[in-house]
Amino acid sequence: MCGIIAIVGKIPVTDRLLESLRRLEYRGYDSAGVAVIVDGKVKRRRAQGKIKALESLLAEQPLSGQVGIGHTRWATHGAPTTRNAHPHTAGRVTLVHNGIIENYAELKAELAARGHVFHSDTDTEIIAHLLDAELSTGLPPVEALKATLDRLNGAYALVILIEGEDRLVLGARRGSPLVVGHGKGEMFLGSDALAVGPFTDRVTYLDEGDFVAIDNDGARIFDLKGNLVHRPIAVIPASAAMVEKGNFRHFMEKEIHDQPETCQHTIAAYCDPVSLTAKISGDIDLAKLERIQIVACGTSYIAGLIGKYIIEQMADLPVDVEIASEFRYRDPALRSNTLALAMSQSGETADTLAALRFCQAKGLASAAVINAQGSTMAREVGTVWPIHCGPEIGVASTKAFTAQICVLTALAVAAARARGQIDAAEEARTIKLLLEAPRLIGESIGLEDAIRQIAIDVAKARDVLYLGRGAMSALALEGALKLKEISYIHAEGYAAGELKHGPIALVDENTPIVILAPSDRYFEKSASNMSEVIARGGQVIFITDPKGAAQAPAGAKVVVTAPACDPLIAPLVFSAPIQLLAYHVAVHKGADVDQPRNLAKSVTVE
Ligand code: AGP
């Protein structure tokens, strides 16, 4: 959600705070702020809007000091205004926060009754008041922080400056991630490894409930109960720290184009190109497993749906896929010998994490398909299956989606072999198909010029329908999600067979209808759906392969011919056209592709 950075440095800190905030802007971007200790006094600058607004403000009103904190916000409590922008101050305390304090109304009432006056509508500000009150009783900073944290319900990652403590920054985490960065004579806190990436590659991931005090000499870390604890230092790979757009206009565009390479990395981690076998790490007995329960949100959920088609068909292993925010609040009927499988790019999505913990508490074995190694999910789950696609910055997920599908496909092959559903020859054949996927994804990205043209018309639409059958029905959901996320055009994804049960009523000459129809066993049915739509004046964008293009009924407004591929890898090959279509529609409309309104990359609130 929000991005956080804190630095106890040896040189002026303001530009470095801004550099980090620019990297964190993908986490939230409705306002930003910094606070710096200047000659013993905490001074802050805050601005509504993106980091640029804060940069301009700091150019007019500079701050110079060696210790400071910064924040880029995704609003929860309180409108995205300067008054609600972080850092928030009360007395000696100035702090920034990521998360939601659930008992804030009650705490605010209590503080107000004691005479505290508030200057924002946020839940965050009450934390500053509580801590200031504890400090006023004479408690030293770490003890005052512990006493404050004990009063909070909800989720937080916090970094805190205290006037009078010139070389100290406090931090705490519960429900929202926080990492410690170790420099030479300097220390850092950040909401993820990217935040501290410009300054150090040595990080400590704080555990749930930990709080910390950093100064120039190092970090003192305490657990939930206040015991001084040791947490290991990890060296983060350069790829996790260095994220640039290169020659691309947007991270999303770059990440779409990165997919041949990122999928290659993922496939290399899960497939042996010599023995042509699937390599799935961990001690989960795929032969004996009775069911997989996938829990996930958004695009990760859709990747899970595609995985269901592939795993059930190939391995005859039942897979349930459920939106984590529903799963965690109902009473799902779980059976032992079910693998709880969380899917998450960030590894921090609050609902997915809660659903995973729920399954673990019921005694299920757990695994997670995750991008962000070191994330909370990665640390709590039984088995981690990383997707190896590097940091994904664009809020609209693209390369993580295809990498997740690669992992699930390899899992399907491994499970099928373990369960005797395929023999070694068939395993080798499927692995060969997977190894071909990166090249074919590259060819699919080559359709970009044609798709850019199509996007000009789609950008005029009010509604767009995406249809497909089999795994393509799930990809239709992803096409619709991508389009609405970044272009703000209303879009729906449907299993094409459902068309006549309702959505066909939407069809008119102004509604583009994207039909995803590789020449697989469903092709004739998808072609019939296309005819039904054309008969009602619908503007069909038919995305198919060369064989499908030759057999397609007449009347499509445009036929996009993706490379020929086996149905097993069609979800991978057909992803790029729908991602590019959403991307170019959004660019044509002048939308903010990497930072669409109201969204944030990692949703660490319920
Ligand atoms: C995808 O484009 C979205 N921005 C969003 O749906 C995302 O996939 C979802 O929030 C889940 O995130 P996660 O994979 O990090 O758990």
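**View 1. Ala403 sits in helix α14, residues 399–418.** The model is predicted: local features need pLDDT of at least 70, side-chain atom pairs count only at pLDDT 80 or more, and totals for chains, interfaces and linings use all residues. Residues are numbered from 1 along each chain as its sequence is written, and side-chain values use heavy atoms, with hydrogens and water left out. Helices are DSSP runs (H or I, at least four residues), numbered from the N terminus. Ala403 is buried, at 0% relative accessibility. Buried means under 20% relative accessible area, exposed over 50% and partly exposed in between (1.4 Å probe, protein chains only). Beyond its neighbours within four places in sequence, Ala403 contacts Cys263, Thr266, Ile387 and Cys389. A contact has heavy atoms within 4.5 Å. From Ala403 to Asn371 the C-alpha to C-alpha distance is 8.9 Å, across 32 residues of sequence.

**View 2. Cys263 and Cys406 form no disulfide.** A disulfide is a pair of cysteine sulfur atoms within 2.5 Å. The sulfur of Cys406 lies 3.8 Å from that of Cys263, its closest cysteine sulfur, and this is too far for a bond. Cys263 is buried at 0% relative accessibility. Cys406 is buried too, with a relative accessible area of 2%. Searching the whole structure gives zero disulfides.

**View 3. Ala437 lies in helix α15, residues 424–445.** Its relative accessible area is 0%, so Ala437 is buried. Leaving aside neighbours within four places in sequence, Ala437 touches Ile267, Ile569 and Leu572. Ala437 and Leu568 are 131 residues apart in sequence, yet 9.8 Å apart in space, C-alpha to C-alpha.

**View 4. Helix α4 (residues 124–136) packs with helix α5 (residues 141–149).** Their angle is about 130°, and their axes are 9 Å apart. That makes α4 oblique to α5. Axes are lines fitted to C-alpha atoms, for helices over the stretch in contact, and angles run from 0 to 180 degrees between N-to-C directions. Angles under 35 degrees are roughly parallel, over 145 roughly antiparallel, 65 to 115 roughly perpendicular, and the rest oblique.

**View 5. Ten side by side: the residues joining α4 and α5.** From α4 come Ile127, Leu130, Leu131, Glu134 and Leu135. They meet Pro141, Ala144, Leu145, Ala147 and Thr148 in α5. The contact residues divide into eight nonpolar, one polar and one charged. Ala, Val, Leu, Ile, Met, Phe, Trp, Tyr, Cys and Pro count as nonpolar, Asp, Glu, Lys and Arg as charged, and the others, Gly among them, as polar.

How values were computed
Helices (H or I, at least four residues) and strands (E, at least two) are DSSP runs, numbered from the N terminus.
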